[in-house]
Amino acid sequence: MPRTIYCRCAYAQIIPGPVKDAHLKNLCESGEAFDAVPDLCEMAANRHPKLKEIAQEEEVRIVACHPRAVKGLFTQAGCPLPATADIINMREQTAP
Amino acid sequence: MPASPTAIAALLESGNVVNVDADGACHAEHTGNTPPNAEAPAGAPKRSWKPWFPVIDYDRCTNCMQCLSFCLFGVYGVDDNGHIQVQNNDACKTNCPACSRVCPEVAIMFPKYSSGPINGEPVSESDLQREKMKVDISSLLGGDIYSTLRDRSAKAKSRFSTERSADKALTERQRCLDKLQKEGMIPAEVLAEIDLSNLPSPEEIQRRAAEAAAKGQAALDANQQRS
C-alpha cells in the first residue's frame, strides 16, 4: 500500500478550502495511515528532513497540486521522488 | 475511531506535520515555522514569508542561464558542475514570477502562482510557441535585447530628464501597487510590508541587471570551457 502524504497548502489560498477539506475527510475515513503536512513548498524551501523520508518510500501517493510542480519541489530539495509516485492534483478539482 | 479532519486541519494551519495512524491516533510535530494567519506556539518563530521561490523543471531546462542573467536579486547560481540552481529562496520577491517569463523553455515554475504554465500546469504547444515568439522578437531587435533596451533607456533618459520628479515617481508606484492589489495580484499583507521610500533607484536596478548579466555570461563561459 502506498504511503499517502496530504499537503494543506497553508501559506496560500490557491486550492479551494472545501476541496482540501473533502480530501482530508476522505483520508480520515479511509482507515489508512497517512501523513499530513502544512505546506510542501515551505518544507522544500527549508529542505525539511521529512521530504527525504517521503521520497525514499517505494510507493508514495501525494495529494497536493500540479505533478510537475510537486516533482520539481522534491528535486530542488535534493530528494527526487520515485518515478512511480502517484500525485493527486487538488488544483484541478472542485468541491464535491 | 477515525481522526477528526477539523482537528488535523487546525494543527496543519498552525504549522504542524501530523502523522495519522490506522487507528485514527494523531501525532503532531511543529515544523518550526508558523503560517501567517496562525498563532505561533510558545518559543516558535513566526514567519511572514510566503514560500514563494522558483522551482526549476530540469526535464525542460537547457542550462541557458537566462534566469541567472535576468534576476536582480541573486536568487539563482550555478553548482560545482555548472548547472543552474536556485540558491537563495528567501531573496525571491513574493508574487514576482518575472524570471519564469524570460525562460525560453518554460522550465521555471512558481507553484503558488495563480495560472499555468507558471504554476506547474503541463506545458502546451501554444506556451512553447509564445516563448519562441519572444526569442524571435529578440532576434529582430538585433540579437542583443539588452543592448537595445540600454539604447532605449538612454533615449528615454534625455526625454524625461526635464520632468523627473521623485515625488511623482513614488505616487506612480503607489498607484500601480494599489491597482495590482485591487486586481488580486498582491495580497494586502505583502503590500503593507513594502517600504516605498526604500525601493531601489533606477541606477541601482541597472547596476544589479549588469551584475546579473555578467554572472550569467561567466557561467556560460565556464560551461563552454568545460566542454
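Select B:Val17 and look across to strand 2 of chain B: the bridge partner there is B:Glu29. (Strands are DSSP runs of E, at least two residues; helices are runs of H or I, at least four residues; both are numbered from the N terminus.) The model is predicted: local features need pLDDT of at least 70, side-chain atom pairs count only at pLDDT 80 or more, and totals for chains, interfaces and linings use all residues. Residues are numbered from 1 along each chain as its sequence is written, with chains lettered from A and ligands numbered from 1 in the order in which they are written.

**The hairpin in chain B**

(Two strands pair if DSSP finds at least two bridges between them.) The two form a hairpin with 5 residues between them. Pick B:Gly24 in the turn: its phi is positive, about 90 degrees.

**Across to chain A**

A:Asp35 stands opposite B:Asn19.

The open sheet has 6 strands, in the order 4(A)-3(A)-1(A)-2(A)-1(B)-2(B), with mixed pairing. Strand 4 of chain A and strand 2 of chain B stand at the edges with a single partner strand each, so one side of each is left without a neighbour in the sheet. The twist averages 15 degrees from one strand to the next. (Axes are lines fitted to C-alpha atoms, for helices over the stretch in contact; angles run from 0 to 180 degrees between N-to-C directions.)

Strand 3 (residues 60–64) and strand 4 of chain A run parallel, joined by 4 bridges. Select A:Arg61 there; its bridge partner in strand 4 is A:Asp86.

**Helices on the sheet**

(Contact means C-beta atoms, placed from the backbone, within 7 Å.)

Then select helix 1 of chain B. This helix lies across strand 2 of chain A together with strand 1 and strand 2 of chain B, at about 150 degrees to strand 1 of chain B. Its buried residues are B:Pro5, B:Ile8 and B:Leu12. Buried means 20 or more other C-beta atoms within 10 Å of a residue's own, exposed 12 or fewer, partly exposed in between; C-beta atoms are placed from the backbone.) After the helix comes B:Gly15, with a positive phi near 95 degrees.

**The chain contact**

Color the contacts between chains: 35 residues of chain B meet 33 residues of chain A. On the chain B side, the elements giving two or more residues are helix 1, strand 1 and strand 3.

**Two loop stops**

Center on B:Pro111, in the loop between strand 6 and helix 4 of chain B. Buried or exposed? B:Pro111 is buried, with 28 other C-beta atoms within 10 Å. Among the residues that B:Pro111 touches are A:Cys41, A:Cys65 and B:Val55.

Finish at A:Asn46, in the loop between helix 2 and helix 3 of chain A. A:Asn46 is partly exposed, with 16 other C-beta atoms within 10 Å.

Definitions and conventions
Contact = placed C-beta atoms within 7 Å. Lists of a residue's contacts leave out its neighbours within four places in sequence.
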